[in-house]
Amino acid sequence: MASQKVLICFALQLIFIFSVLHHTANAQGLKVGFYKNTCPKAEAIVAQITHDTVKVAPTLAAPLMRMHYHDCFVRGCEGSLLLNSATNQSEKFATPNLSLRGFQIIDKIKTALEKECPQVVSCADIVALVARDSVAALNGPTWEVETGRRDGRVSNITEALRQLVPPFANITALRTAFSTRGLSAKDIAVLSGAHTIGTSHCTAFNNRLYNFTGKGDTDPTLDSEYIDELKKKCKPADRTTLVEMDPGSFKTFDVKYFQVVAKRRGLFSSDSALLDDSETKTYVLSHASSSGTSSFFKDFGVSMVNMGRLGVLTGSAGEIRKVCSAVN
């Protein structure tokens with residue numbers, strides 16, 4: 001536990017430095033319908049391929065959506081997550097990103113767009129549009145995505161390790177990570193709601209079941225009956241088993257995540273942490289029933305737009321990649 005606290009503190013210091021050295025909320029140059037004249041079919045192409053993919057493989061929706069967060073929180077929303085590295089030293093090889101899937105879908109979309117309008121639509125914008133369309137494909141909300149991002153040329157595994165918020169983050173770590181990027185406590189609660197879809201490996205939460213403080217104990221903030229259920233699925237050294245983040249509803253985008261958290265059954269420490277702050281707790285409890293669906297759906301679109309403005313490259317900055325995994 002002590003080592004985790006040290007890691008969190010170290011990560012927060014680096015996040016603060018990063019926020020000072022980089023512009024993290026510059027949305028200048030972004031607008032809805034950016035490709036209206038230069039590639040009018042762009043959003044329709046992205047939506048069609050995404051919906052066709054999720055229809056056949058619904059479990060891909062969650063990692064496709066998460067790509068946008070994992071991209072934006074490291075260097076900003078500029079597609080650096082997608083870059084390959086001959087030495088496996090780019091962002092996508094960082095441990096938090098190893099569970100991401102669907103890079104081939106991004107490549108498929110990019111190929112289709114290059115055929116329609118060569119070197120017009122950025123990979124960063126594709127990631128943002130796919131996030132929206134993946135959510136919509138699972139009966140979730142839709143929203144107008146601002147486009148006009150350009151692609152970055154740098155991708156560093158160390159930056160991803162330091163800047164992505166870990167699943168064991170407490171509320172202080174969450175608030176710091178979000179506030180340094182210009183995002184609010186409400187954004188924390190709303191974007192955490194994305195955990196209503198998808199799965200996680202046991203390694204992301206096993207310490208809560210077997211060794212929470214380093215004494216072979218369990219996390220007292222996690223419902224004891226849920227702990228027993230999770231122990232049946234995850235053994236101490238289990239690195240392969242996948243567990244639903246929102247049991248029974250992990251393929252449907254809804255408000256059941258908030259019901260789970262309210263019952264102290266949030267899978268990650270970062271989920272449980274939402275109950276440790278008055279603002280995030282109020283949001284969780286007020287959306288823990290179906291009556292909160294429309295409000296959450298509206299808020300989710302707003303928060304995704306807020307996040308999508310982080311550290312964008314526009315105008316003549318960056319590039320428009322021909323292939324998303326390699327700089328031109």
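Where does Gln119 lie? I found Gln119 in the loop between α4 and α5; helices here are DSSP runs of H or I with at least four residues, strands are E runs of at least two, and both are numbered from the N terminus.

Ground rules first. I am reading a predicted model, in which local features need pLDDT of at least 70, side-chain atom pairs count only at pLDDT 80 or more, and totals for chains, interfaces and linings use all residues. Residues are numbered from 1 along each chain as its sequence is written, and side-chain values use heavy atoms, with hydrogens and water left out.

**Entry: positive phi**

I noted that Gln119 has a positive phi of about 50° although it is not a glycine. Gln119 counts as partly exposed at 35% relative accessibility; buried means under 20% relative accessible area, exposed over 50%, and partly exposed in between, with a 1.4 Å probe and protein chains only. I also looked up Asn139, a residue other than glycine with a positive phi near 65°. Asn139 lies in the loop between α5 and β2 (146-147), and at 61% relative accessibility Asn139 counts as exposed.

**Entry: helix α4**

I checked the length of α4. The 14 residues of α4 should span 20 Å at 1.5 Å a residue, and its end C-alpha atoms are 20 Å apart, which agrees; the expected span is 1.5 Å times one less than the number of residues. I listed the buried residues of α4 as Phe103, Ile105, Ile106, Ile109, Lys110, Leu113 and Glu114. They pack against α2 (42-56), α3 and α5, where contact means heavy atoms within 4.5 Å.

Lys110 forms a salt bridge with Glu114, with the closest N and O atoms 2.9 Å apart; a salt bridge is a side-chain nitrogen of Lys or Arg within 4 Å of a carboxyl oxygen of Asp or Glu. Lys110 and Glu114 are separated by about one helical turn, because they are four residues apart in helix α4. An α-helix has 3.6 residues a turn, so residues three or four places apart point the same way. Lys110 is buried at 2% relative accessibility, and Glu114 is buried at 18%.

**Entry: salt bridges across the chain**

How many salt bridges does the rule give? I get a count of 14. In one of them, the side chains of Arg75 and Glu159 meet at 2.8 Å, N to O. This pair links distant parts of the chain, 84 residues apart: Arg75 is in the loop between α3 (61-72) and α4 (103-116), and Glu159 is in helix α6 (residues 157-163). Glu159 is buried, with a relative accessible area of 19%.

I then looked at Glu229 and Arg265, whose closest N and O atoms are 3.5 Å apart in a salt bridge. Glu229 sits in helix α10 (residues 224-233) and Arg265 in the loop between α11 (256-262) and α12 (269-272), 36 residues apart. Both are partly exposed, Glu229 at 36% and Arg265 at 21%. Salt bridges that share partners join Asp223, Glu225, Glu229 and Arg265 into one network.

**Entry: the core**

Which residues touch the most other members of the largest nonpolar core? Of its 75 residues, they are Met67, Phe253, Phe296 and Phe300; such a core is a set of buried Ala, Val, Leu, Ile, Met, Phe, Trp, Tyr and Cys residues joined through side-chain atoms within 4.5 Å. Helix α5 (residues 123-137) gives the largest share of this core, eight residues. Apart from it I found another core of 12 residues, among them Cys202, Leu209, Tyr226 and Leu230. In soluble globular proteins, nonpolar side chains tend to be buried together.

Not counting residues up to four places away in sequence, Phe296 touches Val190, Gly193, Phe253, Asp254, Val255, Phe258, Tyr283 and His287.

**Entry: Ala273**

My last stop was Ala273, in the loop between α12 and α13 (278-286). Ala273 counts as buried at 3% relative accessibility. Leaving aside neighbours within four places in sequence, Ala273 is in contact with Ala169, Asn170, Ile171, Leu174 and Thr280.
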